[in-house]
Amino acid sequence: MKPALLLFSALVLHLFGTAQIKLPRLVRDSMVLQRDTRINLWGWAGSGEQVSIQFNGKKVRTKAGTDGKWTATLPPMKAGGPYTMELSASNKVILKDILIGDVWLCSGQSNMVHNMGLHSETYGADIAAAHYPQIRQFWIPTLYNLEGPQQNLPAGSWKSANPEDVKQFSVAAYFFARQLYEQYKIPIGIINASVGGSPVEAWTSEAGLQDFGPIAATIQRNKDTAYIRSQNIASARYNTLSNQRSNNDKGMTGAVKWFETAYQAVGWRPINIPGYWEDQGIKNLDGIVWYRREIEVPETMAGKTAKLYMGRIVDADQVFVNGKEIGSTGYQYPQRRYMVPQGLLRTGKNTIVVRVTNQGGKGGFVPDKPYYLLAGNQQIDLKGVWQYKVGTAFTPVTATPGISLQNQPTALYNSMIAPLVPYTLKGILWYQGESNAGNPAAYAKLFPAFIRNWRQLFGQGALPFLFVQLPNFMDADYLPAESGWAATREAQASALSEPNTAMAVAIDLGEWNDIHPDNKKDVGMRLARAAQKLVYRENIVGSGPMFEKATVQEDKIIISFTETGSGLTTSDGEAPGYFAIAGADKKFVWANTRIAGNTVVAWSDEVPLPLYVRYAWADNPHGANLYNKEGLPAAPFRTDGDAANEQAKK
């Protein structure tokens, strides 16, 4: 073939190859489009090609730019469906089963990630009853990119809330959506873009971080792929050395392994479950520790399918029953719930062996979690004395921190949010903050900047933004003290100064020993209630009491609140707890308190001239019991911090 003909053929193939209509992954069958406002659509076709869209009795035309990208806007439409959409250019694309309703972008870190399947023990009945074809979720897998915004997603589809697919729905987002659907009977779409352990700066665009000098410099540095590789080489070596240490486990290297039925246990010592081995007379042990217990199984449980509950284990585990591995988990956070297959349990003596690997800090079994074997309606308690033996104690290896790519500034925005713009939304749900709790002062600036950034990107003005405040977590403190988590809650609350925002308080929904508390249903319900007031303009109380002002009257401080609803009350009938006051020295002591109308009066004989007051100022403010009569908890606050002083000036 002649060169000119070859060139012409290549040009024809190029033109026809790129002239096909292509759509972003989000725009597909079963999607939910936003009602009552202009609907943004976009995609790609041939350069300059005319694109026609027909949908719900409306027809619009647009033209692709020189880069092949086209955008179109459909007029506002009422809730309804299902409808079919036809897009035509040199080819035709037909999308089916489209609903028009309200679309919420749900993002954040692991507590937004956690799905119904992970919490099936708590929400089994809700999973079974999930017959809501008009509630749909688009789940975005974890993606990151440091080079710049991506145009499309590699995967993802819209799924409706049925007993199988709902297992992949975010718990908080699902109950939020279900409440709104039950209230308004309109389709609800959830776009779930969330990643465990992610900081807020990873979700913010480059433009949104330009005012943060060191972060902006990091973004430019990270575009150098050679630099990233060099930083992670040493980290990879460390990980390799760390993993190799496990090869010395005596429990796995002998002729008979310690979990096998032929193994004869010798040299094992007693230890309690639950509990950490460092709290039971063992020091300087990071490594692999084996736990073993023999139990008596009655004939009525033998042979049946059973479930083994082993709480939470720090860090990783393998679990064996009668020599057979029934499950394993590679990190500390999930609760261990392992199925014991039918026929494995036998009448009489049975052996449970748990191999625990701990890389650092305290190792073992987290207290206040379930530890038992369940078969039918019978269970065997597994708390108490077990036997342990050390498989290997790790020789310390100097850690070389690498760069966590997904947690770098812009990384998640570039790959998981940029491809969604400019999809039309009703609002945003945000459940994050744990990963920024180490620097509350920085978060107080980053968080509102992030809110403004996303609003600018989606181009819908003051798009409603609802967020969850950090729950109670870690040890309860019975003396007034400083708290990084309390300061982060304060940083979160300060973002309420941004217009069209609302906050769900969760200081009563956490668990002291679990950063992933089970109760996410109430989180979703509180977000829904906040949305009903802020977004749907219902005349309801949208949150618990919010600090308004504190007035000093002689030896007392009078604290006033908004969002008092039907009145202030306490959850336990006692006087309001976890209030602390201080004078000019800012040495806080617990206060005596009483409710007076819509105020709380606080005083202490130890502080004759009070100036400052704090409420629920702790990582885990156990005893914070102030609510409104609508059953919503008061938000934590203090009057001695910069944020409080700025609020007082207003």
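Predicted model: local features only at pLDDT ≥ 70, side-chain atom pairs only at ≥ 80, totals over all residues.
**Stop 1: a covered strand**

Start by selecting residues 316–321, which make up strand β16. How many of its six residues are buried? Six of the six are, so colour the strand by residue and look at the side chains. A316, Q318 and F320 point one way, while D317, V319 and V321 point the other way. Residues on both sides are buried.

Strand β19, residues 348–358, runs antiparallel to β16 and is joined to it by six bridges. As background, strands of a sheet pair through backbone hydrogen bonds, either parallel or antiparallel.

Before moving on, zoom in on the turn. The hairpin of β16 and β17 has two residues between the strands, and N322 takes a positive phi near 50° there.

**Stop 2: rings that meet**

Show the aromatic side chains next; the structure holds 36 aromatic pairs. Select W104 and F176 to see one that is edge-to-face, with 5.0 Å from centre to centre and 80° between the planes. Why does this pair tie together separate parts of the chain? W104 belongs to strand β7 (residues 92–108) and F176 to helix α4 (residues 171–184), so the pair connects parts that are 72 residues apart in sequence. Both W104 and F176 are buried.

For another arrangement, select Y309 and Y372. Their ring centres are 4.4 Å apart and their planes lie at 20°, so this pair is stacked. Y309 sits in strand β14 (residues 306–310) and Y372 in strand β21 (residues 371–375), so you are looking at a link between distant parts of the chain, 63 residues apart. Y309 and Y372 are both buried.

Then select W203, W430, Y443, F447, F450, W454, F465 and F467 together: they form one aromatic cluster.

**Stop 3**

Where do nonpolar side chains go? In soluble globular proteins, they tend to be buried together. In this model the largest nonpolar core has 94 residues, and W70, M85 and Y423 touch the most other members. Highlight helix α9, residues 440–458, which gives the most to this core, with eight residues. Apart from this core lies another, of 40 residues, including I127, F175, V523 and A531.

**Stop 4: an annotated stretch**

Over residues 401–531 the chain is 37% helix and 10% strand, and the end C-alpha atoms are 41 Å apart.

**Stop 5: a sheet of four strands**

Finally, look for an open sheet in which four strands follow the order β31-β30-β34-β36 with antiparallel pairing. Which strands are at the edges? They are β31 (589–590) and β36 (637–638), each pairing on one side only. Two bridges join β31 to strand β30, residues 579–582. Select A580 and you will find W590 of β31 opposite.

The charged end of K586 sits over the ring of Y612, 5.2 Å from its centre. R614 lies over the face of F588, at 4.3 Å from the ring centre.

Technical notes. Residues numbered from 1 in each chain as written. Heavy atoms only, no water. Buried < 20%, exposed > 50% of the residue type's maximum accessible area, 1.4 Å probe, protein only. Pairing = 2+ DSSP bridges. Phe/Tyr/Trp six-rings, centres within 6.5 Å; stacked < 30°, edge-to-face > 60°. Lys NZ or Arg CZ within 6 Å of the ring centre and 35° of its normal. Core = buried A, V, L, I, M, F, W, Y, C linked by side-chain atoms within 4.5 Å.
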